[in-house]
Amino acid sequence: MKVVPILAAAGAMLAAMPAQAQDHQGLAAGDVLVRLRTIVVAPNEKSGGVVPTFPTEHVSLDNAVMPEVDVTYMATKNIGFELIASTTKHTAAGKTGTTGSIGDLASTWVLPPTLTAQYHFNPAGKIRPYVGAGVNYTIFWDEKASGGLQDAVGKTNVKMSDSFGWAGQVGIDIDLNPKIFLNLDLKYIDIDTKARLQTTAIGTQNVMVHVDPLVFGAGVGIRF
């Protein structure tokens, strides 16, 4: 399964941490927060035309749901640094005209490692909002043309360019006890890609897509 490398990485990080979680309430410098969330990745896509053949036709991207692991290191009681790890699968579909009649055009897995610097409010409390901002590098992998597209234009090779951008987030941690807490999190990630489709019947087609997803997360965490 695609989530196995993520869970393996999380296990390795947990193994490297101290065996006993801290017993103080709230946050302190040196704390490590490990969260397991379920995330919904909802692209706010804006695409260019499929050029050169269909310059007025655009594509859409579907949402995806997946587990996510993240780790936050608290440099001070207020300031932390979070790294997230997850990968989601998305399908690009035509919206109108010829590509719209085909429907699904291609699929890809997306791996967007994101590092944010966070400010945690009310660090000594049981309810702790936070905000964050940082950078993202997105890798598109295992890109595949759909069967419908290949029926229409023959064998097709798909490649999507990787992306570097910024990220912002807001969230809240709610203690269940001194070690375990609930988490709600919302991120915006700046992602752009150029999709290249090398087809048999109509040559090479390109489409620029601003993906720019909102990532909604909910889960539980433990403080070490």
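Leu 83 touches Val 69, Asp 70, Val 71, Thr 114 and Leu 115, leaving out residues up to four places away in sequence. Touching, or contact, means heavy atoms within 4.5 Å. Thr 114 is 31 residues from Leu 83 in sequence, yet their C-alpha atoms are 5.7 Å apart. Leu 83 sits in strand S5 (residues 79–85). Leu 83 counts as partly exposed because its relative accessibility is 47%. The cut-offs are under 20% relative accessible area for buried and over 50% for exposed, with partly exposed in between (1.4 Å probe, protein chains only).

This is a predicted model: local features need pLDDT of at least 70, side-chain atom pairs count only at pLDDT 80 or more, and totals for chains, interfaces and linings use all residues. Residues are numbered from 1 along each chain as its sequence is written, and side-chain values use heavy atoms, with hydrogens and water left out.

**The chain**

The chain has three helices and 15 strands. These are DSSP runs, numbered from the N terminus: helices are H or I of at least four residues, strands are E of at least two. Of its 224 residues, 46% count as buried. Among contacts between residues at least 6 apart in sequence, 71% join residues at least 24 apart.

**The core**

The largest nonpolar core has 25 residues. Such a core is a set of buried Ala, Val, Leu, Ile, Met, Phe, Trp, Tyr and Cys residues joined through side-chain atoms within 4.5 Å. Val 59, Leu 149, Val 158, Val 207 and Val 209 have the most contacts inside it. Elements that each supply at least two residues of this core include helix H3 (147–153) and strands S1 (32–42) and S9 (127–145). S7 gives the most, with three residues. Beyond its neighbours within four places in sequence, Val 59 contacts residues including Leu 105, Val 207 and Val 209. In soluble globular proteins, nonpolar side chains tend to be buried together.

**The pocket**

The largest pocket is lined by 43 residues. Leu 61, Ala 92, Thr 108, Met 160 and Val 209 lie nearest its centre. S7 gives the most to this lining, with five residues.

| Class | Lining residues |
|---|---|
| Nonpolar | 30 residues |
| Polar | eleven residues |

Ala, Val, Leu, Ile, Met, Phe, Trp, Tyr, Cys and Pro count as nonpolar, Asp, Glu, Lys and Arg as charged, and the others, Gly among them, as polar. A pocket is an open set of points on a 1 Å grid over the protein atoms alone, where a 1.4 Å probe fits, with protein on both sides within 12 Å along at least five of seven lines; lining residues have an atom within 4 Å of a point.
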